[in-house]
Amino acid sequence: MMSRIFSVIVYFVMITAMADAKSFELISVDQSKPFSLRIYCTNEGKAALAQYKGKAGYLALRLKKFTTSVLKNTKKQPEGYYYEWDELVEGKATGSYGVVEQSGKVTDAWYMRHKDGMRFKLAGASKEDSRDEIQKYLLHNVLITFAWTSTDDQFMFTYPDGKIITPNFLSLDAPDARRSCYIKDFNFDGYDDVAFSVPDAGMGVYQTFNIWLYDVATKHFMQLKESQDARAKCSCLCDVTLNAKERLLYTACRGGARWWQDVYRISKNNQLIWLRSTEKNKPL
């Protein structure tokens, strides 16, 4: 039922694809001592962690396998997803998790404990569909928490040494607006970064981005600053797309009746270097 693993590299990446996150509420089945947990991850299973109810802390999960169904829903998205992760404790795999999702519901799930090979069957638990639910990612051992719809006081980076950073990011102007989150390698250095976008405050025809790049030297996230080049047509990071083959970052915005695209290269010190701007008939 599931299709092949997504192993093909797409050189021109539309960032807006698969922007939402997953949160699986799971409970044990047929156990004398029942337990429950929640797995947080991106739609593609990245930046995952497991948090058990009644226990402090969380467990890092390393994506082992991700496949999608060949069937599509009315929104042209896959009908089903399969996820498999290794559970990591002090860098060692101590167990593994698997989740099958069909039409938005968990149809099969399990946990296998490596020390004795014992397999625990899990089931999806019902949960309230709250737009204000706090989402969590674990990326480069940094816990990232945020809310889809609320203000920036719930956005933070929690580092392994306990240091917590709460940077500002774009607020939501419309009452029904919802921010999106992306885990991508925005500066093409081999390490995933994190970005958020919200609809622009004006006409709502494009997405405005905040991007935080992971600095492997400091092991911290640093915000990518907008270009100050006067030749750029867009004053913000808007509708960001990536060209991995050419190692380019594109932005696109609307000015009056015209659409513009700015093309940048990112320097070694993570500065945007303007290359050119082009008028477009429509957004990419």
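Two strands are said to pair if DSSP finds at least two bridges between them. Strands themselves are DSSP runs of E with at least two residues, numbered from the N terminus.

Good morning. The model I present today is a predicted one, in which local features need pLDDT of at least 70, side-chain atom pairs count only at pLDDT 80 or more, and totals for chains, interfaces and linings use all residues. Residues are numbered from 1 along each chain as its sequence is written, and side-chain values use heavy atoms, with hydrogens and water left out.

I turn now to one pair. Strand 17, residues 207-215, is joined to strand 18 in the antiparallel sense over 4 bridges. Within this pair, tryptophan 212 stands opposite glutamine 223 of strand 18.

Next come two loops. Most residues other than glycine have a negative phi. Lysine 219, however, is not a glycine and has a positive phi of about 60 degrees. Lysine 219 lies in the loop between strand 17 and strand 18.

Phenylalanine 188 also has a positive phi, near 60 degrees, and its place is in the loop between strand 15 and strand 16, the latter being residues 193-199. Is phenylalanine 188 buried or exposed? Phenylalanine 188 counts as buried because its relative accessibility is 12%, where buried means under 20% relative accessible area, exposed over 50%, and partly exposed in between, with a 1.4 Å probe and protein chains only.
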